[in-house]
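Subject: Structure handover and notes

Hello,

I am passing on the structure for you to look through. My notes follow below it.

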There are 2 protein chains.
Amino acid sequence: MSARVLIVDDLFPNVKLLETKLGLEYFDTLAAMNGPDAIAICEKGLCDLVLLDVMMPGMDGFEVCRHLKGNPVTAHIPVVMVTALDQPSDRLKGLDAGADDFLTKPVDDTALFTRVRSLVRLKAVTDELRQRALASRAYGIGDPLATAAAESGLDANILIVEDRPGAAERMATALLQHHRITVETNPIAAMQLAAETEFDLALISLDLDGHDGLRLCSQLRSLDRTRGMPLIMIAEAHDRARITRGLDFGVHDYLMRPLDRNELLARTRTQVRRKRYSDVLRGAMQASLQMAVTDGLTGLHNRRYLDSHLGALFAEEGVRGRALATLILDIDRFKSINDTFGHEAGDEVLRAFADRVRQHTRPIDIVARYGGEEIVVILPDTGLTEARAIAERIRERIEATPFPVLRQTRALTVTVSIGVAVRGAHDGSPGDMLRRADEGLYEAKATGRNRVVAQAA
Amino acid sequence: MSARVLIVDDLFPNVKLLETKLGLEYFDTLAAMNGPDAIAICEKGLCDLVLLDVMMPGMDGFEVCRHLKGNPVTAHIPVVMVTALDQPSDRLKGLDAGADDFLTKPVDDTALFTRVRSLVRLKAVTDELRQRALASRAYGIGDPLATAAAESGLDANILIVEDRPGAAERMATALLQHHRITVETNPIAAMQLAAETEFDLALISLDLDGHDGLRLCSQLRSLDRTRGMPLIMIAEAHDRARITRGLDFGVHDYLMRPLDRNELLARTRTQVRRKRYSDVLRGAMQASLQMAVTDGLTGLHNRRYLDSHLGALFAEEGVRGRALATLILDIDRFKSINDTFGHEAGDEVLRAFADRVRQHTRPIDIVARYGGEEIVVILPDTGLTEARAIAERIRERIEATPFPVLRQTRALTVTVSIGVAVRGAHDGSPGDMLRRADEGLYEAKATGRNRVVAQAA
């Protein structure tokens with residue numbers, strides 16, 4: 001994946017050097033000579049990755065990184081810190097600030113390109129999710145990006161695949177402070193476990209006894225069930241080639257032995273945050289899809305859902321030669337409830353009405369809010385006699401217990417009229433059945449309300 | 001990106017050879033010895049890419065490919081055909097069947113890995129979109145996958161960047177049969193053009209005079225505006241290294257000079273289809289987001305939208321010291337329309353009611369269906385006198401022209417009562433303003449209907 005890389009350094013020769021290296025590899029580059037300029041470029045969405053010098057006058061790299069990672073607008077942009085000092089304390093400070101990785105000057109070309117490519121590729125997938133989240137924010141359906149960026153990265157469910165007892169124990173001890181830990185020594189068992197359990201992250205030793213840990217990584221990246229789980233490789237200095245290969249096929253990060261406890265904690269946290277960022281965006285997307293077919297007030301399906309599912313259900317049950325019934329329920333004199341007690345009370349009655357109908361229907365039934373105070377229930381595999389009995393039971397239960405409204409200060413007796421119909425042999429579409437149920441409802445209203453009228457086909 | 005590669009070949013040694021090669025590069029492999037088995041594996045979603053032998057007894061590779069590409073369930077899986085014969089006619093037959101690329105036996109390792117990686121990476125981004133589309137289908141919001149897979153790949157808007165007059169003309173002539181063509185010789189002008197125009201594809205010569213065409217490719221892949229446009233490189237035999245690099249950073253395909261006219265047409269079509277596949281899925285996603293805040297019957301915003309936007313608008317206009325007005329409109333005796341003429345006529349009235357209200361409001365106003373026959377209009381920067389005048393105009397226009405219903409066989413005179421209120425200095429939330437508008441509406445109904453009543457704050 002090509003990408004726009006922002007180089008942030010207060011020294012012009014350093015900028016130039018990185019520009020040349022990245023340009024030869026066909027990356028586009030931008031430069032900023034100080035923190036505020038870098039932040040402005042990121043906020044405008046002009047870059048895909050930041051190479052950030054630590055030591056700058058004014059705002060230093062740590063501060064810039066914290067700023068970028070704390071802002072929902074820029075939190076998704078990968079940040080790689082570049083430092084002259086290979087000090088664990090500096091690395092740690094950067095990782096704590098939210099940096100995705102560290103490079104030490106003089107920058108090694110292979111390390112630079114591998115890391116930049118890997119981060120840019122991971123970002124490309126998240127970007128697709130982000131675009132949808134931005135759209136959902138524009139439509140006013142919550143702000144999943146803010147929620148996603150605020151994720152702490154703690155209390156995760158972590159799998160460690162490591163067969164050296166001492167190393168596994170040290171990792172587990174360090175991580176247990178903030179996370180739940182499972183240690184597995186056998187890669188085949190680990191694979192099964194990962195497919196069955198919802199882990200937030202796996203730490204995998206590349207040097208398992210008699211097994212290439214990188215193969216396990218590749219299998220975990222291939223399987224649908226585990227593809228979204230971040231992986232961190234635990235490697236030795238001689239594993240450089242396999243590290244590059246792993247990053248290339250989608251492993252998220254690595255740690256070198258001997259493990260630095262704090263670096264382990266920091267990198268773990270970064271990966272857990274990354275995963276949860278995507279999870280939150282996916283969840284929000286799913287929720288807004290659900291909204292499209294859900295009535296906001298009652299939580300029932302809406303008419304759009306009913307219309308799109310009823311046709312298929314009608315045809316399907318017809319083919320199988322099974323009965324299909326419809327109830328149309330309408331609250332009696334609902335308008336006077338609104339007029340006398342206000343809209344708020346009217347809404348409370350509608351919600352409670354929906355709940356009671358739901359309690360007397362099965363999961364396979366479709367229960368949809370059809371209009372203002374009307375609910376339609378579609379009952380698969382149900383004949384007229386049974387449908388009438390169900391309708392009668394609902395009618396009774398609604399009348400039997402008054403509806404509490406206005407924060408329980410009042411209780412209103414509510415009744416409902418119900419029209420019932422079943423699919424007839426000559427019905428061409430669900431509309432015919434609905435029309436008969438509607439006629440039943442009309443007759444129920446006309447003959448005194450609070451009653452069930454079934455129309456034969 | 002690691003991936004599950006399905007190897008389809010009727011000869012066991014060929015399967016074994018590819019399995020070994022791919023395994024060493026950490027790909028997971030599956031094997032099928034015939035077409036039907038291969039199709040079954042793909043339909044179960046068990047693989048990310050297919051390496052498909054052409055010559056097999058029974059169902060040959062072309063037929064398998066056509067089958068996979070014609071089925072919405074499998075159309076997104078990249079197919080690379082593997083053949084012993086380097087015959088243009090065979091290549092073409094495969095490309096026409098929808099194959100994404102061709103490899104010739106004996107398979108060159110670099111070509112194999114580069115291509116597999118590139119296709120798998122492109123698929124990873126589309127997969128994210130596909131997951132959302134599957135969810136939207138599960139909720140009954142259309143079936144974007146079927147629409148997307150049915151795309152023809154013709155009538156595209158194509159940019160050719162080529163400074164050899166003869167070559168440019170030959171390409172343009174071949175493509176003009178099915179597409180619209182723009183030829184640009186200067187890479188800088190091409191970059192600008194691509195950023196301003198909605199192209200479906202760009203064909204880019206790697207050997208532009210004094211310019212590396214691959215740099216243009218990389219810039220086009222980096223810019224947000226052009227990132228989604230597929231790129232095909234036009235290369236010479238000596239360009240192998242740059243082709244690999246290009247595929248690695250996200251260029252979709254390449255053609256070798258001398259160009260084969262039919263191969264040009266086939267590869268162009270495949271890329272256009274790929275782009276439109278993603279476009280359809282993105283569009284469907286956008287549409288279902290919009291559905292979540294739209295009333296299905298009238299096309300107005302729904303209550304969910306009103307609730308989520310009114311709070312922000314209320315606060316914002318308050319900070320700026322500007323007025324904010326609310327109308328609540330309710331059709332008079334709507335229930336009797338439904339009871340007398342049926343639900344269908346009632347729905348027609350509601351739709352026409354919504355249209356008339358929309359015609360008398362501005363794009364900055366919020367117009368939302370609030371309940372059964374109620375519409376709420378929020379008017380930013382509008383005082384009580386003006387709001388009352390707007391309400392009066394809407395009331396008049398509704399009364400003035402009868403509403404045609406039941407396929408224009410009837411025309412009903414409809415009237416509306418309207419409550420009007422503005423934000424008061426002591427209002428703590430939009431609820432206070434809405435309540436006053438509701439009181440106005442109640443008074444309008446109580447004093448004879450078909451009137452506007454404004455409540456001072």
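Residues are said to meet, or to be in contact, when their heavy atoms lie within 4.5 Å. Please keep in mind that this is a predicted model.

Helix 1 and helix 5 of chain A

Two packed helices are described by the angle between their axes and the distance between the axes. Here, helix 1 (residues 12-24) and helix 5 (residues 109-138) of chain A have axes that come within 11 Å and cross at roughly 65°. Angles of 65 to 115 degrees count as roughly perpendicular, and helix 1 and helix 5 of chain A are therefore described that way. Their crossing in chain A is right-handed.

Helix 4 and helix 11 of chain B

For helix 4 (residues 88-96) and helix 11 (residues 261-292) of chain B, the axes cross at roughly 20° and come within 9 Å. Helix 4 of chain B is therefore roughly parallel to helix 11 of chain B, as angles under 35 degrees are counted. The crossing of helix 4 of chain B with helix 11 of chain B is left-handed. On the helix 4 side of chain B, the contact is made by Arg91(B), Leu92(B), Leu95(B) and Asp96(B). Helix 11 of chain B contributes Asn262(B), Glu263(B), Ala266(B), Arg267(B) and Thr270(B). By class, the contact of helix 4 with helix 11 of chain B has four charged, three nonpolar and two polar residues.

Two single residues

Thr298(A) sits in the loop between helix 11 (261-292) and helix 12 (303-319) of chain A. Its relative accessible area is 8%, so Thr298(A) is buried; the cut-off is under 20%. The side chains of Thr298(A) and Asp295(A) are joined by a polar contact of 2.6 Å. Setting aside neighbours within four places in sequence, Thr298(A) is in contact with Leu350(A), Arg351(A), Ala354(A), Arg358(A) and Arg369(A).

Ile204(B) belongs to strand 8 (residues 201-205) of chain B. Ile204(B) counts as buried because its relative accessibility is 0%. Beyond its neighbours within four places in sequence, Ile204(B) has contacts that include Val161(B), Gly213(B), Leu216(B) and Met233(B). The C-alpha atoms of Ile204(B) and Leu255(B) are separated by 9.8 Å, with the two residues 51 residues apart along the chain.

Regards

Conventions:
Residues are numbered from 1 along each chain as its sequence is written. Chains are lettered from A and ligands numbered from 1 in the order in which they are written. This is a predicted model: local features need pLDDT of at least 70, side-chain atom pairs count only at pLDDT 80 or more; totals for chains, interfaces and linings use all residues. Side-chain values use heavy atoms; hydrogens and water are left out. Helices (H or I, at least four residues) and strands (E, at least two) are DSSP runs, numbered from the N terminus. Buried means under 20% relative accessible area, exposed over 50%, partly exposed in between (1.4 Å probe, protein chains only). Axes are lines fitted to C-alpha atoms, for helices over the stretch in contact, and angles run from 0 to 180 degrees between N-to-C directions. Angles under 35 degrees count as roughly parallel, over 145 as roughly antiparallel, 65 to 115 as roughly perpendicular and the rest as oblique. A crossing is left-handed if the near helix is turned anticlockwise from the far one by less than a right angle, and right-handed if clockwise. A polar contact is a pair of N or O atoms within 3.5 Å; within protein, one must be able to donate a hydrogen and the other to accept it, and residues adjacent in sequence count only if both atoms are side-chain atoms. Ala, Val, Leu, Ile, Met, Phe, Trp, Tyr, Cys and Pro count as nonpolar, Asp, Glu, Lys and Arg as charged, and the others, Gly among them, as polar.
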